[in-house]
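Please consult the sequence and structure shown below while reading.

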Amino acid sequence: MQFFNAINFAFPLLASTTEAADSSMVVAAVLLSLVVVYLASKVGGELSNRVGLPPVLGELVGGVVVGVSVLHLLVFPGGGADGSSSMIMAFLQTTAGLSPEATPAVFTAQSEVISVLAELGVIILLFEIGLESNLKDLMAVGIQALVVAVVGVTVPFAAGTIGLMTLFGIDAVPAIFAGAALTATSIGITSKVLSELGKLNSKEGQIILGAAVIDDVLGIIVLAVVASLAKEGTVDVGQVIYLIISASGFLLGAIALGNIFNKTFVAIADMLKTRGELVIPAFIFAFVMAYLAAIIHLEAILGAFAAGLVLEETDKRKELQRQVCPIADMLVPIFFVTVGAKTDLGVLNPAIPSNREGLIMASFLIMVAIFGKVITGFSVFGQSPINRLAIGVGMIPRGEVGLVFAGVGAASGALSKPLGAAIIMMVILTTFLAPPLLRFVFPDSDDGINDSAPLILDAFPGKQLAIETSSSVVSTAQDSGDVSS
């Protein structure tokens, strides 16, 4: 009993709603909500994958369809929504005998549970991203990728924030949040298209991928800072400086201590003999790091990301990635579908005069999102000849990273409905535009060969065949010398 009293003390809102609501009805509502979430994520993801787009975009669109914009299957409190607008509540009233009087309490409790699962999903998502981000690759990308990444973060952030404040009169905190959402780059989308074009290992491809990795790290730091600002509600220069220093120091400190902890983690995992001997200690570490980030006024996701970076350096990283995947498959879609479900695209309907400002705002964010990244290619120096336009275009897609910004912003309450919908539209459009634009800016990509470099083939041991594609000259390089024909 003392244990349950402690839980009630820690979570008074959840405790009060579950006391007022029939627990069996709450469980039934949560189960139906999860059925809707998983159906929307799977159908949307499969359809998106079949047309060559990332599945996460389909999960977002699926969420929009089942959410407040279309079907009202997955509805959350706020913005005028209540239990009477939820189709799940109506279904429970019809099939399970839920009374109209008990509906508000069940609806509130169900929404809280799904929201908590979504928050847990984004923490695991950032942990998984950290596990897939190789620190050695990050440090080896070179100064060119670093310059592209810094410009790709600074220009869209400054243009978006200042533009929203001056042109639309948006308050500082939501404007900063929207500007931060413009800084993201989806490495998954760009790398897939570059691979299909045969440009993944070109100079342009390497700079794009390196800059996108650095973008992710910078973006997580920016997200931690602006999410903390959203909690305060005001912009304090001293607080901003503190958050930037603490976020950077936290990340660098976690990385520096990684080599020491890696050996301890592997030793603990080797000692354990029961199920979950690897993944459970990993999640304990990730959640502790998330907690430490939260108590120093950063976002928990920064701690989870840092934990992933640390564990990526261990010898068990491949096995850990494999074991984390099914857990992420269960929880991460809840986050993306929830983001879509909470997005009311009706606020961008131009037929309603009051919505036109939101539509103009969305158009502004899309323009900044595109041109703010295209300009990054022209910051590359000392590389000639090189396709600078392709580098800029490769940085355009926001994908799942942009959705994380939108979701955290919506959860914090910093974004108004029009601004939140505008950010979602920006993410969707930039993700759709990137693949065809990349194919357009690589006009010689049909053969998948970089014409400016020789094609090296292994003929047999001790001998290589070099084909100069531009002049059709074939040469054979032997160990003892070169013989040309």
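Glu-46 is partly exposed, at 37% relative accessibility, a class that lies between buried (under 20% relative accessible area) and exposed (over 50%), with a 1.4 Å probe and protein chains only. The model is predicted: local features need pLDDT of at least 70 and side-chain atom pairs pLDDT 80 or more, whereas totals for chains, interfaces and linings use all residues. Residues are numbered from 1 along each chain as its sequence is written, and side-chain values use heavy atoms, leaving out hydrogens and water.

**Salt bridges**

- Four salt bridges are found in a search of the whole structure; the term denotes a side-chain nitrogen of Lys or Arg within 4 Å of a carboxyl oxygen of Asp or Glu.
- Because Lys-42 and Glu-46 are four residues apart in helix H3, about one helical turn separates them; helices are DSSP runs (H or I, at least four residues), numbered from the N terminus.
- Asp-270 and Lys-316 form a salt bridge in which the closest N and O atoms are 3.0 Å apart.
- Asp-270 belongs to helix H12 (residues 237–271) and Lys-316 to the loop between helix H14 (300–312) and helix H15 (317–342), so this pair ties together parts 46 residues apart in sequence.
- Asp-270 is partly exposed, with a relative accessible area of 41%, and Lys-316 is partly exposed at 24%.
- A salt bridge of 3.7 Å (N to O) joins the side chains of Glu-312 and Arg-317; Glu-312 is buried at 5% relative accessible area, whereas Arg-317 is partly exposed at 28%.

**Packing of helix H3**

- The axes of H3 (residues 23–50) and helix H5 (residues 87–95) come within 10 Å and cross at roughly 130°.

- Gly-402, in helix H18 (residues 399–412), is buried with a relative accessible area of 0%.
- Ile-428 lies in helix H19 (residues 417–441) and is buried at 15% relative accessible area.

**Position in helix H13**

- Leu-292 is found in helix H13 (residues 279–295) and is partly exposed at 36% relative accessible area.

Methods:
Helix = DSSP H or I, 4+ residues; strand = E, 2+ residues; numbered from the N terminus. Axes fitted to C-alpha atoms, helices over the stretch in contact; angles between N-to-C directions.
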